[in-house]
Amino acid sequence: MDSKPSEITSKFSEDNEAQKPPRKIGGWITFPFLSGSILGLGIALSGATSNFMVYIIQEYNVKSIDAAQISNIISGSVSLAPVLGAIVSDAFFGSYPVIAVSTGISFLSIIIFTLTAALKSLRPSPCILPSTDSCQAASLGQQTVLYLGVALLVIGTGGTRFNQGTIGADQFDRVQDQAIYFNWFFIFMYTSAIIGSTAIVYVQDSVSWVLGFGLSLASSAVSLIILLLGAKYYRRVQAQGSPFTSLARVVVATARKWKVRMKSQEGLSYYYANDDEVTTPSQSLRLFNRAALILDGDTNTAGALTKPWKLCTIQQVEDFKSIIRLLPLWSSSIYLSVSIGCQLNLTVLQALTMDRSLGPHFTIPAGSMIVASFSGFVISLTFFDRIFFPLYRKLTGHIPTPLQRVGAGQLINAISMVASALVERKRVTVVHAHQSENQPGWIVPMSAIWLVLPLVLAGAAEALHFPGQVELYYKEFPKALKSTSTGMMALLIASGFYLSTAFIGVVRRVTPWLPDNINESRLENVYWMIAIVAMLNFAYYLVCAKFYKYQNIENEEGIKGSEMSEKNGTGVI
């Protein structure tokens, strides 16, 4: 025999490897890993941030007003960071590497928080008389360590929060599977927020800060491990370079060819790449078509591009148009976040003046009232996903479209504001009956459970419009901007957070409705104003939705939304 044993073994191994079935990439096999990572990280981040204002007041001797301002800045940063994380994912690295590294960074941030709670040298001496000038402030070194943890937390949140939604949707080809994933994504995100802001906060308040942060640290570690265990199964969509450069080129090329007349399409030649999906420009927003119009000197004799900032491909122009088409719909959702932010803040003020006892031994913290909204979201989304949508499909042959879900969510959101106004009217009636308007600290003999119904309605509204918007942006944005599309929700939330603060500030300056004493306020008027503006915003949304035509979303028969829109004469299909 001429063959050596090592060669026979090698050949046998190669044949054996060739006979193995290819490993499945993507699909529902990735769901346990992604969902476990989302839930674990959500619990960790919520547990670390929900009680942060109390932590720096009690352990770092920060005054209440200063602590509130610090908390607002951190909340705004945490809300805005996912936008940058989505852009980095789209432009440079793809979703998975950004999520993996950011989850590790979040883990490091919670290690720092745990150390600040465990080591006395990282905190100032305890304050004997809180909120007085006798309290020792934290040293520069102690502040540096604390805010290093905060900075790492913001970075970690930026790279994970909505990129987790993108990578999950990338695992599926069917629109229905992507919609189901987005629903579960929000369920896990809100469920983790509930667990973190109740169970871990309770441990921090009742047992110790060290154990509370330790539980967050353990949850973060589990999240990272689960994410890495599923690495071999993930379908990884590669980054395609900065998509914003091509968008900017469309604007510049359009401006440089602004004087070119395009009344007639005869004799016009447009530039497109060989691998472009679109080779003919659409007639909507056709003023941008001139960016792809070939003029003398734009290409060489071989047809190659010579002036990239004067000539774009048709695909680049159509990608730019798709974003322009979505902007009115996106803008109509900003007020949703504003109304939600106002309602949550004002509800806490109401709860502080109401009976929050549950039995003789337990009192609900005023800040925990928002859990009712989270719970309403989770319960409603589960109901919609498991009962209502399947029944709707059985009766109509299709599930509600993203635009229909967003519209229904906007309407229910306005109703929840009306409910808040009615609850406040009842509370004020009780105050007047006891003639206690001038007693700021007086507790109204009315259960704070009344505040639950408006918050549950708000949660149900979010269960419709938040997943609907994420699905809409994910499907309708250009392929190169998939992570950025889900990051649009982060921008909405951040805008709502800042604008709701500004809204309340304006109301306090121009009306007497919100004095420091909530018992003599006209908070009911504020809720009615929010509800009226919400209805006006809903009307604006309906106009935007009517004229919008889906470009990429298909129904269950595979017909594109743009084709259905032409048949129905409306974008609300």
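Modeller: Over residues 555-559, pLDDT stays under 50, pLDDT being the predictor's confidence in each residue, from 0 to 100. For residues 555-559 the model has 11 contacts beyond four places in sequence, where contact means heavy atoms within 4.5 Å. Residues 561-573 also stay under 50, with 32 such contacts. Where pLDDT is low, the predicted coordinates should not be read in detail.

This is a predicted model, in which local features need pLDDT of at least 70 and side-chain atom pairs count only at pLDDT 80 or more, while totals for chains, interfaces and linings use all residues. Residues are numbered from 1 along each chain as its sequence is written, and side-chain values use heavy atoms, with hydrogens and water left out. The mean pLDDT of the protein chain is 83, and 87% of its residues reach 70 or more.

The chain has 18 helices and two strands; these are DSSP runs numbered from the N terminus, helices being H or I with at least four residues and strands E with at least two. Of its 573 residues, 51% count as buried, that is, under 20% relative accessible area with a 1.4 Å probe, protein chains only.

Now the pair. Helix H5 covers residues 95-118 and helix H6 residues 140-160; they pack at an angle of about 155°, with their axes 7 Å apart. Axes are lines fitted to C-alpha atoms over the stretch in contact, and angles run from 0 to 180 degrees between N-to-C directions. H5 and H6 are therefore roughly antiparallel to each other, a label for angles over 145 degrees.

Which residues meet? On the H5 side they include Val98, Ile99, Thr103, Ile105 and Phe113, and on the H6 side Val145, Leu146, Gly149, Ile155 and Thr160. The residues of this contact divide into 13 nonpolar, 10 polar and no charged. Here Ala, Val, Leu, Ile, Met, Phe, Trp, Tyr, Cys and Pro count as nonpolar, Asp, Glu, Lys and Arg as charged, and the others, Gly among them, as polar.

Thr103 is buried, with a relative accessible area of 0%. Not counting residues up to four places away in sequence, Thr103 touches Thr160, together with Leu41, Ser220, Ser223, Leu224 and Leu227.

Terms used. Parallel < 35°, antiparallel > 145°, perpendicular 65-115°, else oblique. Buried < 20%, exposed > 50% of the residue type's maximum accessible area, 1.4 Å probe, protein only.
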